[in-house]
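Here is a friendly walk through one chain, feature by feature. Have the viewer open and follow along.

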Amino acid sequence: MKRFFLTTAIDYVNSRPHLGTAYEKVCADVIARYKRLCGFDTRFLMGNDEHSQNVFKQATEQRLDPLTYCGLMEQEFRKTWQRLDVSFDDFIRTTEPRHKAGVTELTNRIYAAGDIYEGVYEGWYCVSCEEFKQEKDLVNGNCPLHPTQKPEWIREKNYFFRLSTYQQPLLDHFAAHPEFLQPEIRRNEILRLIEGGLMDISVSRAGQSWGIPLPFDPGSVVYVWFDALINYASAVGLGADMELFERWWPADLHVIGKDITRFHTVIWPAMLMAARLPLPRQVFGHGFMTLNGQRMSKSLGTAIDPIEAANRVGHDPLRLYLVKEIVFGSDGDFTWERYDERYNADLANNLGNLVSRVVAMAARYRGSRLAPTGAGSDQLVRIGEQVADDYRKAMDRFVLHEGAAAAFRLVDAANEYIAATAPWTLAKDPSAAARLTQVLFDAAEAIRLAAVLLEPIIPSSSREILRRVGAATDGLNFDRDGHWRNDGERVIVQDGPLWPRKEHTTVNDNETKPSGVPPTAAAPAPVPSSAQGTADAPSVSSTPAPGTPAPGTPAPSTPAPSTAAPSTAAPENRISIDEFMKVELRVAKVLAAERVPKSNRLLKLQVDVGTEHRTLVAGIAEAYEPESLVGKTVVIVFNLKPAKLMGIESNGMVLAASPDGGKPTVVSFDEPPAPGTRVR
Ligand SMILES: [Zn+2]
């Protein structure tokens with residue numbers, strides 16, 4: 001069986017992942033899932049980089065043993081990746097014994113080859129970058145990436161790696177393997193850098209305890225950057241399980257951010273050359289995510305929590321946005337408006353609407369059973385085959401956005417096909433019965449094929465679509481399933497809307513939403529709506545007005561531009577007074593408040609709700625000092641099921657206005673009513 005081993009960068013654990021971090025993992029996951037779809041025995045590695053002095057400092061500040069701290073952070077990372085449906089096969093932590101074995105083995109090999117030597121390092125060191133800086137790189141004497149931080153002048157015994165001797169071998173490798181570094185623009189940058197000459201680099205730090213001891217001088221630890229790169233090899237058994245290593249090494253693909261391309265395409269291959277080990281086949285340096293055009297950063301307040309983004313409309317819409325809207329390799333921007341817009345345009349109005357209409361018509365006209373009655377539509381079959389071919393070519397080159405776009409061309413073609421064939425007209429003509437069946441079969445087949453192509457990008461949604469059009473969902477294989485098929489009976493399944501339309505909001509819309517416990521909805525709950533999923537309604541987004549065509553008539557195949565979306569809740573998404581009254585909102589007085597240990601976001605509150613005292617956890621720690629809340633009167637959701645957060649059972653939820661990208665403001669009163677008063 002063909003094998004494919006791919007990796008992402010391992011992450012620093014000094015803060016929780018933001019959307020920029022998640023972007024890399026989602027794109028790598030799409031590649032991993034695509035390779036599995038193509039029948040590769042795939043191994044997808046992710047992990048955490050723990051031997052950083054910043055991590056050590058962070059742990060010490062929180063009065064935690066560093067390993068305990070790293071263990072807690074691992075849970076945060078895993079939770080995020082799980083929420084985004086990232087399907088890694090292995091997760092390595094650089095504090096694991098297997099990693100120590102790999103680092104020891106590789107370092108020993110390079111030392112034995114004479115490419116590590118002892119010396120003295122003297123110069124500037126930026127603690128935040130954990131990188132030595134040259135005088136010429138400093139701006140006003142400070143690190144360019146950390147302008148408020150003065151680098152330290154360091155003089156210590158160091159071991160050095162003879163990177164300088166690998167200039168020519170690296171140039172030769174780049175020449176022999178033009179595919180080694182992608183995209184092209186990064187390759188040119190790195191080639192110029194290598195051509196400019198390479199300096200030997202420090203591979204150890206003296207006098208530190210947090211790290212892996214150098215095997216030939218245990219008084220020093222391996223420098224964190226050197227240590228981190230080796231994870232790719234230690235995860236597949238270097239120095240511990242050589243049989244596993246032989247099986248999986250070299251890696252087929254390292255997916256990394258453009259800022260660390262130099263480490264992965266200069267230092268790492270040179271290390272492997274020195275150790276007489278094969279080089280990874282390819283490195284892909286992706287671009288950065290920005291928020292409204294600004295660099296995504298925790299300290300600038302421009303970091304998006306990927307879990308929040310996934311909770312807004314579901315993880316698959318988020319994955320689709322990241323893959324389809326951003327040219328893989330270039331920088332890409334995220335805005336909440338655009339996110340909602342694309343959700344409505346691609347999913348609610350387009351793919352979701354198509355599935356609803358075809359499934360509804362199959363139910364109405366053919367009792368949900370479809371089998372071909374002749375040859376499929378020439379034009380649609382041709383587009384289907386062309387799209388599958390374009391998709392495969394794009395995905396094989398990791399041009400992920402083109403792969404996604406190809407699948408959506410088939411969705412568009414299916415919409416146009418329905419408009420052109422007008423099944424609702426065919427249904428009135430008894431002599432067109434066979435034709436109608438074939439038209440519906442073709443439409444269902446186009447949906448099936450598009451869902452197979454989209455499976456790596458929106459995996460759970462694709463499987464749900466396949467289920468609805470009566471296709472197999474397990475063991476998908478591109479060679480078998482990635483082509484137009486005009487055979488077999490399909491038993492269609494009718495179900496609720498896949499993607500209810502999301503109301504357009506702007507960042508300035510201070511929509512009030514409950515805060516306190518993270519939303520738990522994996523996807524928006526289906527809303528009761530007569531306009532979706534039934535043959536009696538024309539489309540998701542409109543109700544037939546007098547004089548509109550007969551039931552079963554689809555909406556125009558081009559979705560309405562989402563900028564025209566109403567700014568108030570569409571009638572079909574509104575709830576009844578009875579539904580609202582199920583939510584019991586009550587006045588509560590805060591008796592005590594404290595930070596939840598190990599969380600930057602959560603506060604533990606003790607509140608008086610009139611009839612009892614309750615404990616609840618609220619995600620407002622970034623906006624409120626605990627002390628400032630004591631004595632304050634707030635509003636809570638009284639009848640919420642208890643939820644456990646960081647080990648604390650939360651009994652209720654504090655209402656807060658939560659502007660996108662801003663800090664929450666709890667709902668309060670000028671003249672507080674008595675605790676327990678109902679709010680409605
Ligand atoms: Zn720095």
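## A loop residue to start with

Where is the place of asparagine 600? Asparagine 600 sits in the loop between strand S21 (585–595) and strand S22 (603–608); helices (H or I, at least four residues) and strands (E, at least two) are DSSP runs, numbered from the N terminus. With a relative accessible area of 59%, asparagine 600 is exposed. The terms work like this: buried is under 20% relative accessible area, exposed is over 50%, and partly exposed is in between (1.4 Å probe, protein chains only).

Asparagine 600 and glycine 619 are 19 residues apart in sequence, and their C-alpha atoms are 8.7 Å apart in space. If neighbours within four places in sequence are left aside, asparagine 600 is in contact with Arg595, Ala621 and Glu622, where contact means heavy atoms within 4.5 Å.

## The model and the chain as a whole

This is a predicted model, in which local features need pLDDT of at least 70 and side-chain atom pairs count only at pLDDT 80 or more, while totals for chains, interfaces and linings use all residues. Residues are numbered from 1 along each chain as its sequence is written, and side-chain values use heavy atoms, with hydrogens and water left out.

The chain has 21 helices and 29 strands. Of its 680 residues, 56% are buried. Among contacts between residues at least 6 apart in sequence, 76% join residues at least 24 apart.

## The zinc site

Which atoms hold the zinc ion? Cys126 (SG), Cys129 (SG), Cys143 (SG) and His146 (ND1) coordinate the zinc ion at 2.1 to 2.3 Å. Donors are N, O and S atoms within 2.8 Å of the metal (3.2 Å for Na, K and Ca), and water is not among the atoms, so sites may look incomplete. The 4 donor atoms subtend angles of 104 to 115 degrees around the zinc ion, which makes the arrangement tetrahedral; four donors count as tetrahedral if all angles lie between 85 and 135 degrees. For reference, the ideal angle for four tetrahedral donors is 109.5 degrees.

Along the chain, the donors of the zinc ion follow the spacing C-x2-C-x13-C-x2-H. Cysteine 126 lies in strand S5 (residues 116–126) and cysteine 143 in the loop between strand S6 (131–133) and strand S7 (152–161), so this pair ties together parts that are 17 residues apart in sequence. Cysteine 126 and cysteine 143 are both buried.

## Two residues with positive phi

Glutamate 130, in the loop between S5 and S6, has a phi near 55 degrees, a positive value in a residue other than glycine. Asparagine 140, in the loop between S6 and S7, also has a positive phi near 55 degrees. Glutamate 130 is buried, with a relative accessible area of 2%, whereas asparagine 140 is exposed at 77%.

## Two cis peptide bonds

Most residues other than glycine have a negative phi, and most peptide bonds are trans. The bond from glutamine 182 to proline 183 is cis, with omega near -10 degrees, and proline 183 lies in the loop between strand S8 (181–182) and helix H6 (184–195). Tryptophan 249 and proline 250 are also joined by a cis peptide bond, with omega about 5 degrees. Proline 250 is in the loop between helix H9 (242–248) and strand S13 (253–257).

## Helices and their surroundings

The axes of helix H13 (residues 336–366) and helix H17 (residues 433–454) come within 10 Å and cross at roughly 145 degrees. Axes here are lines fitted to C-alpha atoms, for helices over the stretch in contact, and angles run from 0 to 180 degrees between N-to-C directions. Residues making the contact include Leu351, Leu354 and Val355 of H13 and Leu436, Leu440 and Ile447 of H17.

In helix H11 (residues 306–313), 7 of the 8 residues are buried, so H11 is largely enclosed by the rest of the structure. The cover over its buried residues includes H1, helix H3 (66–83), helix H12 (315–324) and H13. Arginine 33 belongs to helix H1 (residues 19–37) and counts as buried at 10% relative accessibility. Beyond neighbours within four places in sequence, arginine 33 is in contact with Asp85, Ser87, Arg319, Glu455, Pro456, Pro459 and Arg463.

Note on methods. Tetrahedral: all angles 85-135°; square planar, octahedral: opposite > 155°, others 65-115°.
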